[in-house]
Amino acid sequence: MGRIVLDQVSKSFGEVEVIPPLDLTIEDGEFTVFVGPSGCGKSTLLRLIAGLEDSSGGHIRIDGADATNVPPAKRGLAMVFQSYALYPHMSVRKNIAFPLRMAKLDQVEIDRRVDGAAAVLNLGDYLDRRPGQLSGGQRQRVAIGRAIVREPAAFLFDEPLSNLDAALRVGMRLEISELHKRLQTTMVYVTHDQVEAMTMADKIVVLHAGRVEQVGSPLELYRAPRNTFVAGFIGSPKMNLLEGPEAAKHNARTIGTRPEHIAISETDGEWAGTVGVSEHLGSDTFFHVKCDAFPEPLTVRASGEMTVGYGAKVFLTPDPAHLHRFDEQGLRLE
Amino acid sequence: MARAATSQRKVLNTALAWAVGFLIFFPILWTILTSFKTEAQAIASPPIFLNFDWTLENYAVVQERSNYMRFLWNSIIIAGGSTILGTIIAIPAAWSMAFVPSKRTKDILLWMLSTKMLPAVGVLYPIYLLFIKMGLLDSRAGLVIVLMLINLPIIVWMLYTYFREIPGEILEAARMDGATLKDEILYVLTPMAIPGIASTLLLNFILAWNEAFWTLNLTAANAAPLTAFIASYSSPEGLFYAKLSAASTMAIAPILILGWFSQKQLVRGLTFGAVK
C-alpha cells in the first residue's frame, strides 16, 4: 500500500516561500513524476514527502495515517538519490543490507532478501565489491537495490539518472519502468527532463515556482495543456507559441501549435516564411522557419525525405484541429 | 633554457626546505647530542658539536634519580584520556555544526576558537581554586578534564572540516534507511571519517603530551607527567645541562617516534580542507 496525500502542504526557507500551500494525491501503485525547470521546488516537495525537510504548514498522509511529524525512517518510504549516496566504506552486500540491519531483521532473512534484490538487479557478481569499484549504472542499481529490499510503501527517486551518460540513461529508464510494472509499488520520481516524465509516468505533476501547473497523464498534458507554461514545457521540440494578429484571428492572446501539426509546403499555405537551420534526425527533419507574421522562428516537423535548403521560401499551415488557444492569463481556452 | 631554470629553482627550493627543516630540528638535535656529553662538555665554550666523549652516564643518573615509567604512564593516561574524551564529545558537536548548521554556527566556531586566545594564566587562579574544592589537585582525572577542555575547540574544528567533506546525502540515505541518530553517527559517519578522526586523535595526543602549563601547575607528585619530569631537572640546585637534556630526550622520544611513523596522517590532518 502506498497512497500519499498532501493537504495544503507548504514550505518556506526563512522569508522565502518555496512551495505555497499545495494539494496533491498520489494513488497507490501509481508512477508519478514531478517535472519542472530547476528551482521549481520539485526536489523540495519530494524531500517533504520523505521527511528530510519539515513542512512549514499542512499535512502529509501516507496510507491514511498522518505522517507530517513522523521521522523519515518511520515513514516506510525508500529513496534513491541523484548522487546514489551509497556508503563508500561498505561492500555492495552491506550497502543493500543496511536498511534491513537497521530494522533488526535476522541474518537469514537479510541474506535472502539481499540475494533476491541482487538477482533482480543483476548485481550478483558485484556483492563483495565496494561502491568505488563500480560504474555509474551499477552504483545506481545498488541504490535501487537498497531501496527495494525494504519493501517500502513507496519509492522516491530524486533525479536518479542525471549523473548517467545518455545511453545508460535510456537503459536505466526502461529498467525502472520494468521494476514498477513488476513490483506495482507507488513510485514518485523527480526529474527536470520532460522526456523521462513522458516515457515513464502514469501521472505527471508539472511544477513551476512551487505551484502545481497541471496534473494528468502524459498524453492529457500533451494534448490539452492547461496553460502556456505546460504547453511550452511538455513536448520536444517545444510547442510553437505565437502571439499577435494571427492569434487574434482565433480570438486568443496566444495560440500554440506543435511542430508535427504544421504542414510545410513550397507552393502555398497560410504563413509565408524562410527556412533557417534544419535538423536532420533521419526519420524526421525539424525546420526552423522564420515567418513574416511572427518575431520568433517556428519549429516544424517534416518527413526525413523532404529537402528544403537554407534560405528557401516556404509556406506553413497549422492544423486547425490541433490548435491550442490561450487567454491573457495564459490559460487554455476551449 | 626554461627547463634549466626550472630545475635550478627546484634545487634551490629543496636546499631551502632542508635548511629550514634543519633549523627547526636543530634544538632537538642539540638536546639529544648534549644528553650524551659530560656536564663539563655540555657547557663548554666554544660548544663541541660531535667531537666529545660519548657517555650514557646522564641517562643512568636520571634513571636512578626519578621513576621515569611513572611519569611516562601519567603522560600516556593524561594525553590519551583527554584526547579520547574530547573526541567523544566533539564528534556529535562537529556533526551538528557540519550537517545541521544554523545561522550562528560560524559564530559559535569562532567563539570556541577565541577561547584559545585567552592566556591560560588568566584562568589559573579560578581553576586552581576549583581543583582544590573538588579535590582534583594532583590527580590524573583533573588533568584529563582540563586538557580535554583546552583542546576541545581544536578537535571540534578539525572534525568539522572533515565532516564537511562528507556528502550530506549519504547521511540522509542512512536516515531514510531507518538509521537512528546513533546508528547514523556510529555506522555511517564515523567509519567514513576514520582518516580524519585518526589525524585529529594524533595531533591532539601530541598537543596534550607537550602541554606544560597546566600539567606543571596542577600536579605535584602523583599525577605529574613527563613535562614535570623535565622541569624537575631545570632545578635551582644548579644547571645540569647534560642531565636536563637526557631527561628531555627521554620525554620526547615516545612522541617523536609516534610522530615519525604517522607523518603522513599528520600532514594530511593539518592541511585537510586547505588543499583540494
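Start where the two chains of this predicted model meet. Chain A brings 17 residues to the contact, and chain B brings 14. On the chain B side, α8 (168–176) and α9 (181–192) each supply at least two of the residues that touch chain A. The largest share of that side comes from α8(B), with six residues. Sort the chain B side by class and you get eight nonpolar residues, five charged ones and one polar one.

Now step into chain A. This chain holds 19 strands and nine helices, and its C-alpha trace spans about 75 × 45 × 30 Å along the principal axes. Of its 334 residues, 42% are buried. If you take the contacts in chain A with a separation of 6 or more, 62% of them are between residues 24 or more positions apart.

Strand β3 (residues 31–35) of chain A pairs with strand β8 (residues 186–191) of chain A in the parallel sense, over five bridges. One pair to pick out is F31(A), whose bridge partner in β8(A) is M187(A). β3(A) also runs parallel to β9(A), joined to that strand by four bridges, and here V33(A) stands opposite I204(A).

How buried is strand β9 (residues 203–208) of chain A? Five of its six residues are buried, so the strand is largely enclosed by the rest of the structure. β9(A) is also joined to β10(A), this time antiparallel, by five bridges. H208(A) has R211(A) as its bridge partner in β10(A). The two strands form a hairpin with two residues between them, and A209(A) in the turn has a positive phi of about 50°.

For a contrast, look at K104(A), in the loop between α2 (92–102) and α3 (107–120) of chain A. This lysine has 8 C-beta neighbours inside 10 Å, and therefore counts as exposed. Its C-alpha atom is separated by 37 Å from that of D165(A), which lies 61 residues away along the chain.

Over in chain B, try the helix pair α5 (residues 105–114) and α7 (residues 140–164). Two packed helices are described by the angle between their axes and the distance between the axes. For α5(B) and α7(B), the angle is about 145° and the axes are 9 Å apart. Their crossing is left-handed. Which residues in α5(B) and α7(B) meet? L109(B), M112(B) and L113(B) come from α5(B), while P153(B), V156(B), W157(B) and Y160(B) come from α7(B). By class, this contact has seven nonpolar residues, no polar ones and no charged ones.

Helix α7(B) turns up again in the largest nonpolar core. That core has 134 residues, and M79(A), L156(A), A94(B) and L159(B) touch the most other members. α7(B) gives the most to this core, with 15 residues. Leaving out residues up to four places away in sequence, L159(B) touches A90(B), I91(B), A94(B), G196(B), I197(B) and T200(B). Apart from this core lies another, of 11 residues, among them V275(A), V289(A), V300(A) and L316(A).

One last stop is S35(B), in the loop between α1 (2–34) and α2 (39–42) of chain B. Not counting residues up to four places away in sequence, S35(B) touches N58(B), A242(B), S245(B), A246(B) and T249(B). From S35(B) to Y68(B), 33 residues apart in sequence, the C-alpha to C-alpha distance is 16 Å.

Terms used. Residues are numbered from 1 along each chain as its sequence is written. Chains are lettered from A and ligands numbered from 1 in the order in which they are written. This is a predicted model: local features need pLDDT of at least 70, side-chain atom pairs count only at pLDDT 80 or more; totals for chains, interfaces and linings use all residues. Two strands pair if DSSP finds at least two bridges between them. Two residues are in contact if their C-beta atoms, placed from the backbone, lie within 7 Å. Ala, Val, Leu, Ile, Met, Phe, Trp, Tyr, Cys and Pro count as nonpolar, Asp, Glu, Lys and Arg as charged, and the others, Gly among them, as polar. A residue is buried if 20 or more other C-beta atoms lie within 10 Å of its own, exposed if 12 or fewer, and partly exposed in between; C-beta atoms are placed from the backbone. Axes are lines fitted to C-alpha atoms, for helices over the stretch in contact, and angles run from 0 to 180 degrees between N-to-C directions. A crossing is left-handed if the near helix is turned anticlockwise from the far one by less than a right angle, and right-handed if clockwise. A nonpolar core is a set of buried Ala, Val, Leu, Ile, Met, Phe, Trp, Tyr and Cys residues joined through C-beta atoms within 7 Å.
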